[in-house]
Amino acid sequence: MSEGGLSHPTPSIFALVIGINKYLDPGIDNLYGAVADADSIRDFLVQDLGVPQEQIRDLRNEEATRNAIETEIQKLSNNPTIEKNSAILIFYAGHGAQMRAPEDWPARDGKIEMLLPHDFALDGSDYDRGQGVLDVKLRSLLEELASKKGNNITCIFDSCHSGSGTRGDEKNPNFVVRGIDLPQSYTIPSSIASSIAKGSENSGLLSHVLLSACLPEQEAKEIQGSGVFTSALLKLLREYGADKLTYEEVVAHLPVLYEQNPQCEGVNKHRILFNSKVPSPRRELHPVHRSDKKPYHFMLQAGEAHGIALGAEFNIYADRELASFIGTVIVSKPPSCFETFCTAQPGAENSALLDFSEPAYALQTRLGELKAIRVFIPIDEDFLDLFRLIDSDIQKGDNAILLVDSKDDQPDLIISSHYSSESRSKVVQFEIMSQICRQHGLTSMPFDINLADSNSGERIHHILRSAAHFYRHLNRAPKSKDLDKGTRVLLECFKLKEDIESFIEGRDALMPDPDGENLNDGGLITIDVDEEEEEPFGYKITNNTSLNLYASLLYFDFSDLSIDPHFLPPTAKNGVIETPLPAKGCLTIGYGSSGTPPYGFSVRERQNVDVGALKLFLSTDHVDYGAIAQKSPFEDHRGGKKIRKPSKISLWDSMTVIIVQRKKHV
């Protein structure tokens with residue numbers, strides 16, 4: 001129990017809690033602990049979080065048919081008492097399964113996953129009854145739910161997609177597996193056939209966050225009448241408090257489970273559990289270990305791929321809550337891809353750094369030799385407060401903002417002021433000096449800061465610090481180019497079109513326009529924006545290398561300085577996750593197997609053209625690039641356009657594609 005007991009958030013949580021022990025088909029082994037897990041989750045919601053019982057819908061055994069499960073999710077979408085952005089939880093404990101997808105379905109791993117309802121028929125069925133809750137159907141239901149009620153949706157699945165077909169595990173007969181192997185004869189009727197879209201096990205999810213019991217190839221187990229994953233999860237939430245942890249911190253704090261690596265998937269995994277807000281400030285912590293051979297020498301489990309540079313400084317803490325400070329270290333050698341050698345800061349050696357429990361955690365306090373943003377600000381009394389704030393940064397050793405002497409010194413941004421007849425006062429304008437932006441007609445940000453406001457200096461300073469973060473991550477690239485991206489990793493962009501035949505058959509209706517072409521022309525995508533009707537677009541990333549790669553796709557908006565994740569890999573304890581971009585494979589975003597909705601583009605009222613950068617980060621080890629996402633400092637953000645396991649080869653790389661969006665009449 002956390003100090004002072006569990007704090008009770010406003011009980012605006014609505015839940016669908018499903019537990020299935022008994023299956024209608026005699027060929028499916030019954031479970032022992034799924035119903036007990038569902039009951040425990042319900043009790044936690046009611047007793048610990050204060051959720052009214054009438055806000056919880058329970059389905060157990062015979063109640064949990066395929067039709068009932070799908071209907072209850074639809075009822076959440078249409079429930080008038082659920083307000084926008086209220087927390088919604090869908091919990092499932094029971095069997096899961098998978099089957100091979102037809103060759104013409106865009107399945108990243110070639111499989112269809114499903115949850116098994118009580119009335120599932122092991123031999124398949126020509127009717128809707130007897131079928132599983134397919135991943136694509138679940139995805140569709142969750143997207144509809146998110147569109148009506150917001151994306152503060154949590155799915156917790158204590159199940160897996162395969163099983164040994166026995167009552168126990170060969171290594172430990174006390175375990176029962178929550179998954180089955182389907183017979184080769186199993187089929188899905190054409191009436192509900194659906195292309196793989198990974199709803200029950202998505203990467204890059206926008207509609208919800210998924211906490212699942214294990215990797216796809218692992219087995220979710222129960223022992224002594226309860227699920228291993230659910231039991232560990234509830235113990236953790238009661239110890240720390242459900243309102244204290246982000247989703248990714250939940251899986252990081254879970255104990256090591258026997259042959260299970262719980263997964264956290266979703267673009268919003270950085271949020272507090274059951275909360276649409278992100279903790280501020282975002283703290284990115286890296287494990288750090290002491291050297292066994294030399295005192296005051298340390299190895300940080302993060303490197304160049306994480307944005308760490310020579311000379312960077314870190315404070316070391318004994319815990320993730322940053323309650324127990326140990327000491328300060330500095331990066332003394334150029335980092336490798338995923339590791340960094342550090343030494344104690346000269347003059348700051350102390351006994352605590354010689355003997356601390358591992359792992360400890362490092363929080364970056366100075367950037368080191370990373371390139372600063374170059375800004376020209378004219379010497380004017382309008383900017384005296386701003387100059388004082390930047391000087392204070394410099395005195396503290398913060399080198400994020402570099403002031404240049406003139407417009408000829410290649411600044412990234414130029415700040416100027418002029419009188420505005422609209423506001424009847426002087427306002428600040430931000431001029432964009434990026435060559436690619438100016439080449440396509442974007443010369444300034446479409447926002448003004450009123451100098452008459454008492455906090456204008458602080459606002460401009462905040463915008464410049466956001467700009468420093470924006471340009472630092474946009475421009476950084478590996479020192480060694482080991483991946484020949486031009487031919488070995490391809491990023492394509494397509495306009496999507498509704499396929500009527502697919503829609504009739506229940507498949508994903510949006511697919512690349514068969515008469516269209518790849519819009520990425522040598523690193524430049526030009527979109528003619530239709531102001532009357534937003535058109536859908538999607539991306540395809542093809543990996544022609546022999547390496548399994550982790551891919552993260554983020555959109556950098558030059559106009560408002562926001563960084564939006566389009567696709568992020570899942571998170572798991574110790575980084576043990578499935579690679580989303582396998583060797584010789586592909587990943588689709590906005591359609592097909594990624595579970596992400598299509599993307600649209602728009603141009604603001606004050607603009608005729610907008611420019612952004614689509615940046616693809618690639619690595620052979622898992623890197624959390626979601627940590628660099630940021631909202632616009634102008635408060636006009638448009639929202640989403642829409643034990644470490646080492647690799648045999650350690651690489652990271654990135655690719656940037658410019659997107660120019662023009663109004664059609666211009």
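**Strand pairing, helix packing and confidence in the predicted model**

Strand S22 and strand S23 (residues 449–450) run antiparallel and are joined by two bridges. Val428 has Ile449 in S23 as its bridge partner. Two strands are taken to pair if DSSP finds at least two bridges between them; the strands themselves (E, at least two residues) and the helices (H or I, at least four residues) are DSSP runs numbered from the N terminus. The structure is a predicted model, in which local features need pLDDT of at least 70 and side-chain atom pairs count only at pLDDT 80 or more, while totals for chains, interfaces and linings use all residues. Residues are numbered from 1 along each chain as its sequence is written, and side-chain values use heavy atoms, with hydrogens and water left out.

S22 (residues 425–432) also pairs with strand S21 (residues 413–420), in the antiparallel sense and over eight bridges. Leu413 is bridged to Ile432 in S22. Four residues separate S21 from S22 in the hairpin that the two strands form, and Arg424 in the turn has a positive phi of about 55°.

Two open sheets were identified. In one, four strands follow the order S25-S24-S27-S31 with antiparallel pairing. Strand S25 (510–512) and strand S31 (586–589) are the edges of this sheet; each has a single partner strand, so one side of each lacks a neighbour in the sheet. On average, neighbouring strands here are turned by 30° against each other, direction ignored. Within the sheet, strand S24 (residues 489–498) runs antiparallel to strand S27 (residues 537–543), and seven bridges join them. Cys493 is placed opposite Tyr539 in S27.

The other sheet is open and has three strands in the order S8-S10-S11, again with antiparallel pairing. Strand S8 (176–177) and strand S11 (226–227) are its edge strands, each pairing on one side only. Strand S10 (residues 221–223) is joined to S11 by two bridges, and the two run antiparallel. Ile223 lies opposite Ser226 in S11.

Helix packing was described through axes, which are lines fitted to C-alpha atoms, for helices over the stretch in contact, with angles running from 0 to 180 degrees between N-to-C directions. Helix H2 (residues 66–78) and helix H3 (residues 135–149) have axes that come within 8 Å and cross at roughly 15°. H2 and H3 are therefore roughly parallel to each other; angles under 35 degrees count as roughly parallel, over 145 as roughly antiparallel, 65 to 115 as roughly perpendicular and the rest as oblique. The crossing of H2 and H3 is left-handed, a term used if the near helix is turned anticlockwise from the far one by less than a right angle, with right-handed used if clockwise. Contact (heavy atoms within 4.5 Å) involves Glu70, Ile73, Gln74, Leu76, Ser77 and Asn78 in H2 and Lys137, Leu138, Leu141, Glu144, Leu145, Lys148 and Lys149 in H3. By class, the contact of H2 with H3 comprises five nonpolar, three polar and five charged residues. In this scheme Ala, Val, Leu, Ile, Met, Phe, Trp, Tyr, Cys and Pro count as nonpolar, Asp, Glu, Lys and Arg as charged, and the others, Gly among them, as polar.

Helix H1 (residues 34–48) packs with helix H4 (residues 228–240) at an angle of about 10°, the axes being 10 Å apart. H1 and H4 are therefore roughly parallel to each other, and H1 passes H4 in a left-handed crossing. In H1, Asp37, Ser40, Ile41, Phe44 and Asp48 meet Thr230, Leu234, Leu237 and Arg238 of H4. Four nonpolar, two polar and three charged residues make up the contact of H1 with H4.

The axes of helix H7 (residues 384–395) and helix H9 (residues 456–475) come within 8 Å and cross at roughly 45°. That makes H7 oblique to H9. The crossing of H7 with H9 is right-handed. From H7, Asp385, Leu386, Leu389, Ile390 and Asp393 take part in the contact, and from H9, Gly457, Glu458, Ile460, His461, Leu464 and Arg465. The contact of H7 with H9 has five nonpolar, two polar and four charged residues.

The protein chain has a mean pLDDT of 83, with 84% of its residues at 70 or more. Within the chain, helix H11 (residues 500–504) has the lowest confidence, at a mean of 52, and strand S2 (residues 56–60) the highest, at 97. Residues 1–10 have pLDDT below 50, and this stretch has 18 contacts in the model beyond near neighbours in sequence. Over residues 163–171 pLDDT likewise stays under 50, and the model has 24 contacts beyond four places in sequence for them. Where pLDDT is low, predicted coordinates should not be read in detail.

Notes: pLDDT = per-residue confidence, 0-100.
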